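Morning, everyone. Please look at the structure on the screen, and I'll walk you through a few places in it.

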Amino acid sequence: MRTNARAGERRFPALLDRLFAASPALVLVGLLVGQGGFFPLTSAWVLVAWGVFLVLWAALRFGFRSGREGAVSDSGNGSSRFDGFSACIPALAFLLIGGLYAASIVVHGLPAWSLVQCAPWALAGVAALVCASLDARQRDFLLTSISWLGIVSTGAGVAMLIGILSVVGSVNAGRLQFFFQYANAAGAWFACAALLCLGARDARLRRWMVLPLTALLFTQSMGSILFFVVVVTGYFLVRV
């Protein structure tokens with residue numbers, strides 16, 4: 001019984017840390033469905049949900065002492081220990097920035113609605129802090145998760161294009177606009193998804209790169225297509 005309890009203590013923090021590492025990908029899901037966060041209110045709801053998760057996660061991370069003792073990483077696989085304190089920095093920053101901004105609104109007599117306008121920028125800042133707090137193994141896991149998200153979103157985009165999935169504004173004049181309702185924004189997303197698949201270590205992702213690339217062509221976004229071609233050309237030139 002004691003052995004099983006210790007094994008459970010080793011696994012539980014690992015699951016929490018993996019969820020933390022994957023949280024930017026989960027946030028991307030919310031943003032993709034919400035028109036890419038074009039409207040500040042959408043970004044605000046996503047930011048609040050992510051902030052609540054980060055605060056709760058930080059509390060659990062400090063409260064669960066075995067996570068701080070290195071039980072997160074397996075001693076036999078050579079992975080680096082996850083620094084729980086640095087990982088809690090995004091939660092602390094979220095609380096600090098949000099508190100300062102709210103205080104500024106009160107001091108200057110601004111309407112509470114103006115708080116929403118900072119949501120997209122605050123969301124980008126929190127994402128940068130979260131990604132910076134990940135170790136190499138967790139960054140690989142996050143990039144892999146986002147790559148698979150790009151492939152899955154391609155399937156949804158094709159379903160919209162051929163009429164299986166009906167979403168208002170997803171297709172206009174034969175151009176795939178996806179949830180963004182804007183072909184150039186959709187093209188930028190699929191271009192990034194294709195590039196992530198191209199640079200992935202997993203051979204399966206490299207093979208599936210054709211899907212987001214096809215969706216990119218369906219958007220007919222010349223800027224995104226040119227961006228993809230330039231990056232791929234530079235990538236192969238560097239490798240040569």
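First, a definition: helices (H or I, at least four residues) and strands (E, at least two) are DSSP runs, numbered from the N terminus. By that rule, Leu41 lies in helix α2, residues 40-63.

Two notes on the source. This is a predicted model, where local features need pLDDT of at least 70, side-chain atom pairs count only at pLDDT 80 or more, and totals for chains, interfaces and linings use all residues. Residues are numbered from 1 along each chain as its sequence is written, and side-chain values use heavy atoms, with hydrogens and water left out.

Back to Leu41. Its relative accessibility is 38%, so Leu41 counts as partly exposed. Buried means under 20% relative accessible area, exposed over 50%, partly exposed in between (1.4 Å probe, protein chains only).

Next, the loops. Which loop holds Gln181? The one between β2 (175-176) and α9 (183-198). Gln181 is not a glycine, but its phi is positive, about 60°. Gln181 is partly exposed, at 37%.

Now Gln220. Gln220 sits in the loop between α11 (210-219) and α12 (222-239). Its phi is positive too, near 55°. Relative accessibility is 42%, so Gln220 is partly exposed.

Finally, the contact of α11 with α12. Contact means heavy atoms within 4.5 Å. From α11 come Leu213, Leu216 and Leu217; they meet Ser224, Ile225 and Phe228 in α12. Thanks, that's my tour.
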